[in-house]
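Welcome! Let's take a friendly walk through the salt bridges of a protein model.

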Amino acid sequence: MTAQLRLLDRGFFDLSTRLKLRVSGSDRLRFLNGQLTNDIRKATDTTALEACVLNAKGKMEAHLFVHAKADSFILDADPALQSTLQARLERYIIADDVQIEDVTAQLSIFHVIGTPRSSFSFATRAVSINRFGPQGRDIWSEGAEHDQLAAELSKEFEFCDANCAEVFRIEQGIPRWGRELTGDIIPIEANLEQRCIDYDKGCYIGQETISRMKMSGQRNKQLCGLISLKNIPLVPGMRLTGPEGKEIGWITSATPSGEQEIALAYVKRGFNSIGTEVEAKSEGVAGVPAEVVDLPFGST
């Protein structure tokens, strides 16, 4: 049984290592709306918002989730952004009443898919959020109560460790920072348009590029699913070739899934239609035939 099928009903994930920033101050809403691709006004204390932070050319500097808490917003992002995200945001605080505090060690996050049958005594709040495809909830607690909350959750939900979570998010076609999401990628290329971009919210850094792409409908490359046609493993970093050996993309993540070998890959325009056959190559490895498929895997 694949991770996707096993966890769609009742599973939980420990996301407590994620970077967590508290943004406070009277100008926090206006400031964040000038930094994020989504409309911060949609974030409440019970519903989280997904967004990106871009540079002036529309390329990604961060991918995050945000929800409101009392007189602040709580941002959480991949741990790899610990050394850069706070500084990136603070660079644009000029005369704003905005304070940004790293609260990573103070808070724990567990994500659950499925409806809890009871309340959890060590939880401080529950936030509706879509992290992996299926709608779920983040269960937040004080960092000191991490282990107690994990024990409570394990009585109702199946725990998905880091390896399980990686398989699950690949099966769901969810991009990850450091793999599909890097400083070379524009969010629309990573299928984040519906999840992360609000075209009516007003100005933010990188907006011009995003608006131009929407108007033109042109994307140089697109995040796609791949299935190995001979069930030979696909490997991150493999380059993709099309007719006459022309390079047309690269694999970002790969995993076995049930009886299939699957991968996420960026494929150039003109070669990323569903059903297109490509070849994945790496140094010292014979070409692996693969086919472009729709995401999430198993959706058709």
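## A first question

Is Arg-176 buried, partly exposed or exposed? In this predicted model, Arg-176 is partly exposed, its relative accessible area being 33%.

## Arg-176 and its partner

Arg-176 has a salt bridge to Glu-166, with an N to O distance of 2.9 Å. Arg-176 sits in the loop between α5 (162-171) and α6 (193-196), while Glu-166 belongs to helix α5, so the pair ties together parts 10 residues apart in sequence. Glu-166 is buried, with a relative accessible area of 19%; the cut-off for buried is under 20%.

## A link between distant parts

Now to another pair. Glu-189 and Lys-221 form a salt bridge, and their closest N and O atoms are 3.2 Å apart. This pair joins distant parts of the chain: Glu-189 is in the loop between α5 and α6, whereas Lys-221 is in strand β11 (residues 221-228), 32 residues apart.

How accessible are the two partners? Glu-189 is buried, with a relative accessible area of 3%. Lys-221 counts as buried too, at 16% relative accessibility.

Technical notes. Residues are numbered from 1 along each chain as its sequence is written. This is a predicted model: local features need pLDDT of at least 70, side-chain atom pairs count only at pLDDT 80 or more; totals for chains, interfaces and linings use all residues. Side-chain values use heavy atoms; hydrogens and water are left out. A salt bridge is a side-chain nitrogen of Lys or Arg within 4 Å of a carboxyl oxygen of Asp or Glu. Helices (H or I, at least four residues) and strands (E, at least two) are DSSP runs, numbered from the N terminus. Buried means under 20% relative accessible area, exposed over 50%, partly exposed in between (1.4 Å probe, protein chains only).
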